[in-house]
Amino acid sequence: MKLFVDNLTNIDFSYLHPQRGLLGESWLVQLVLDGGLNEQGMICDFGVVKKAVKQWFDTYIDHALVVPTGMPRLSHTQQDGYTTVDWLYADGRQFHCCSPEAAIALVGVPEITPHTLAQWCQAQLLVLFPEEVKGLSVSFRPEAITGEFYHYSHGLQQHDGNCQRIAHGHRSTLEIYLDDQRSEQLETEWAERFRDIYIGTRSHLLSEDATMHHYAYTAPQGDFELKLPADVCYLIETETTVELIARHMADVIKQQHPENRVMVKAFEGVGKGVVGDER
């Protein structure tokens with residue numbers, strides 16, 4: 001008999017892609033348990049399943065940088081509670097991240113896909129359940145988005161939770177209104193501008209030149225450092241909460257359209273976000 005939980009939770013994270021580099025992502029988690037019935041006539045209590053699996057994802061994947069350790073041109077080390085990852089794009093550009101170990105998930109596969117990450121997670125999750133559970137299947141699916149969306153990564157130094165991790169991200173939809181009318185043109189422009197982007201805070205920037213950005217900060221979980229190509233970065237003057245990203249977008253659009261009322265509806269992952277201040 002099988003027990004299933006659709007859309008058990010969603011995970012927001014970033015991972016290294018062999019062509020696209022640092023890629024923010026948001027996936028919905030689907031779970032199926034296979035097993036016999038216990039003395040209560042259940043495979044496992046739904047409440048126990050949801051709590052245990054969500055806690056595991058919150059600990060190991062959500063708001064982390066997921067690194068496929070079998071990816072070409074990649075090296076990693078772990079020392080004194082920190083993980084360091086170095087990788088070269090195919091054209092020789094550099095990526096470097098050093099973070100507390102909990103902020104980086106090292107996955108022994110050559111590439112992160114919904115299938116490869118699910119297989120890795122399944123082996124880790126099965127040990128959480130009683131002996132009645134004989135098998136477990138995890139699958140991931142992205143949110144169905146009909147309009148524009150973008151993949152972005154960021155880190156929130158001032159956040160007390162896991163959002164402080166310097167390289168985590170989201171796959172987010174976007175709505176932009178001029179005088180209460182959707183502007184597909186503006187949505188397309190901003191989705192392209194933020195395609196596979198790292199949105200950085202200027203005060204976190206240690207150095208920059210025409211080719212590289214170097215970010216670093218200290219947060220409650222420890223010291224964080226990130227180096228990546230300048231052409232995949234977008235700087236703003238504030239922290240990169242979704243509220244401040246939406247405000248930044250609204251301000252820029254208002255400068256371009258001073259006679260119009262501007263509203264930005266920016267999502268952060270699946271089913272949540274903010275409506276930017278109208279201008």
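Analyst: Ask about any label, and the value will be set against its definition.

Analyst: This is a predicted model, so local features need pLDDT of at least 70, side-chain atom pairs count only at pLDDT 80 or more, and totals for chains, interfaces and linings use all residues. Residues are numbered from 1 along each chain as its sequence is written, and side-chain values use heavy atoms, with hydrogens and water left out.

User: What makes the protein as compact as a globular protein of that length?

Analyst: First, the inventory: the protein has 4 helices and 18 strands. Helices (H or I, at least four residues) and strands (E, at least two) are DSSP runs, numbered from the N terminus. The radius of gyration is 20 Å, close to the 19 Å from the globule rule for 279 residues, so the protein is as compact as a globular protein of that length. The radius is taken over C-alpha atoms, and the rule is 2.2 Å times the number of residues to the power 0.38. Along its principal axes, the C-alpha trace spans about 70 × 45 × 35 Å.

User: Why is Leu-33 called buried?

Analyst: Buried means under 20% relative accessible area, exposed over 50%, and partly exposed in between (1.4 Å probe, protein chains only). Leu-33 has 0%, so the residue is buried. Leu-33 lies in strand β2 (residues 21-35). Its C-alpha atom is 7.7 Å from that of Lys-134, 101 residues apart along the chain. Of the 279 residues of the protein, 52% count as buried.

User: Why is the pair of Tyr-150 and Tyr-152 called tilted?

Analyst: Rings of Phe, Tyr and Trp (its six-membered ring) pair if their centres lie within 6.5 Å; planes under 30 degrees apart count as stacked, over 60 as edge-to-face and the rest as tilted. A search of the whole structure finds 16 aromatic pairs. In Tyr-150 and Tyr-152 the centres are 5.5 Å apart and the planes are at 40°, so the pair is tilted. Tyr-150 is buried at 2%. Tyr-152 is buried too, at 0%.

User: What makes Arg-171 sit over the ring of Phe-149?

Analyst: A charge sits over a ring if NZ of Lys or CZ of Arg is within 6 Å of the ring centre and within 35 degrees of the ring normal. The charged end of Arg-171 is 4.2 Å from the centre of the Phe-149 ring and sits over it. The charged end of Arg-193 sits over the ring of Trp-190, 4.2 Å from its centre.

User: What makes β4 and β13 edge strands?

Analyst: The open sheet of 6 strands runs β4-β5-β6-β15-β14-β13, with antiparallel pairing. β4 (74-79) and β13 (205-208) each pair on one side only.

Technical notes:
Pairing = 2+ DSSP bridges.
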